[in-house]
Amino acid sequence: MGDERYLGESTPKLGFGFMRLPKLEDGAIDIEQTKDMVDRFMDAGLTYFDTAYVYDNGGSERALKEALVDRYPREAFTVATKINTHVATSAEDARRQLEVSLERTGAGYFDYYLLHAIQPSNVAKYDEYGLWDFVKEQKERGLVRHWGFSFHGSPELLDTLLTKHPDAEFVQLQINYADWEHPEGASRANYEVARKHGKPIVIMEPVKGGMLANPIPQVQELLRAANPSASFASWAIRYAASLEGVITVLSGMSNLEQIDDNISFMRDFEPLSDEEQAVIAAAQQEFASIESIPCTACRYCTDGCPMHIPIPRIFSARNKQLVWGLHDEASKSYEEAVGAEGAGRAGDCIACGQCEAACPQHIEIIDWLRGCAEAFEG
């Protein structure tokens, strides 16, 4: 088991996820706004930053250097980043990612280093490339202080991995209240497996890619009735942070408003009360009754799509129909998504399957795209 006092007790419960940073009109990361966001986060006494080799094709790690590392003493903050086999062609190629990440971030070392997005479709690659031993070697060299892995799979696979690798110091799990009992999301089951093995947990996607910041109407009514002044995102993040054994909860904040909102309720974090937990239980029942596409817009599916289909944007448009009944707005959003130069339409899918292999949510993307084609293209 890792040093839970270091990993858990001294770490603020809100982490800054560098996956969805603000963008300029040309698509580049808005560094000046990111600097302002970092300053407000640090001023609130929050210190945990999470990035990855693959985020924004390296732009996220470079933004971390410019907005954080070059502007604050190294001991004032914590950096987590990740090694990913999906973009590696060999073991040497994968291992080189650490050197590149250190150069991009200028961090000198990483407080947390993770094998990234482990799931059934890629777990063999991490074994084949010897990356479990590699990260331990980097800890011995002092380039990594703590190592673990982020996970998108079944509780059975998680149990197998933690049994096989008992020296993993922590695990990063996707946990949110809407998927707590969901059989595919398996938030509860994976959380319980990690706790059984005594592993501290970093929580990702507590707001489910933004979906819980703007939940279905029935849930909005419940949450507003319980606390009219609380943001919808606050319920989701506080729910995750209230779980035992949690190091921190990552929020992929994209603008100053989100930073300010998150700081307002996490600077002096209070766990959910029994009454608030009962409200969340009612919200979970509402989510269980409605169909939607559980896409978190991570965009892992788009990089290798031979037809250049903007899958997350298409799914967002479809959810406007399924969840909100906004048919005209959904159609407009769909046409905007597929109208960009070089973008494919839902009906252009050739069912190659690369997207489904890359999807952390295990969404049946091909079938959903067929449905989207029927809904939007006639």
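In this predicted model, helix H13 (residues 311-322) and helix H14 (residues 327-338) have axes that come within 8 Å and cross at roughly 175°. Because angles over 145 degrees count as roughly antiparallel, H13 and H14 are roughly antiparallel to each other.

**Helices H13 and H14**
- On the H13 side, the contact is made by Arg313, Ile314, Ala317, Lys320 and Gln321.
- On the H14 side, the contributing residues are His327, Glu329, Ala330, Ser333, Tyr334, Glu336, Ala337 and Val338.
- Sorted by class, the contact of H13 with H14 comprises six nonpolar, three polar and four charged residues.

**Nonpolar cores**
- The largest nonpolar core has 87 residues.
- Those with the most contacts inside this core are Phe16, Phe49, Leu115, Ile118, Phe149, Phe151 and Tyr177.
- Helix H10 (residues 232-241) supplies the largest share of the core, with seven residues.
- Another core, of 21 residues, lies apart from the largest one, and its members include Cys301, Phe315, Val338 and Leu369.
- Leaving aside neighbours within four places in sequence, Phe149 is in contact with Leu114, Leu115, Ile118, Trp132, Leu158, Leu161, Leu162, Ala168, Phe170, Val171 and Gln172.

**Helix H9**
- Within helix H9 (residues 217-226), the buried residues are Val219, Gln220 and Leu223.
- Viewed down the axis of H9, these buried residues fall within an arc of 105°, so they line one face of the helix.
- An α-helix has 3.6 residues a turn, so residues three or four places apart point the same way.
- Glu221 and Ala225, on the other side of H9, are exposed.
- The cover over the buried residues of H9 includes H10 and helix H12 (274-288).

- Ser150 is part of strand S5 (residues 144-151).
- The relative accessibility of Ser150 is 1%; because buried means under 20%, Ser150 counts as buried.
- With neighbours within four places in sequence left aside, Ser150 is in contact with Lys82, Leu114, Leu115, His116, Ala117, Ile118, Gln172 and Met204.
- From Ser150 to Glu275 there are 125 residues in sequence and 32 Å in space, C-alpha to C-alpha.

How values were computed. Residues numbered from 1 in each chain as written. Predicted model: local features only at pLDDT ≥ 70, side-chain atom pairs only at ≥ 80, totals over all residues. Heavy atoms only, no water. Axes fitted to C-alpha atoms, helices over the stretch in contact; angles between N-to-C directions. Helix = DSSP H or I, 4+ residues; strand = E, 2+ residues; numbered from the N terminus. Parallel < 35°, antiparallel > 145°, perpendicular 65-115°, else oblique. Contact = heavy atoms within 4.5 Å. Nonpolar A, V, L, I, M, F, W, Y, C, P; charged D, E, K, R; others polar. Core = buried A, V, L, I, M, F, W, Y, C linked by side-chain atoms within 4.5 Å. Buried < 20%, exposed > 50% of the residue type's maximum accessible area, 1.4 Å probe, protein only. Arc of directions from axis to C-beta.
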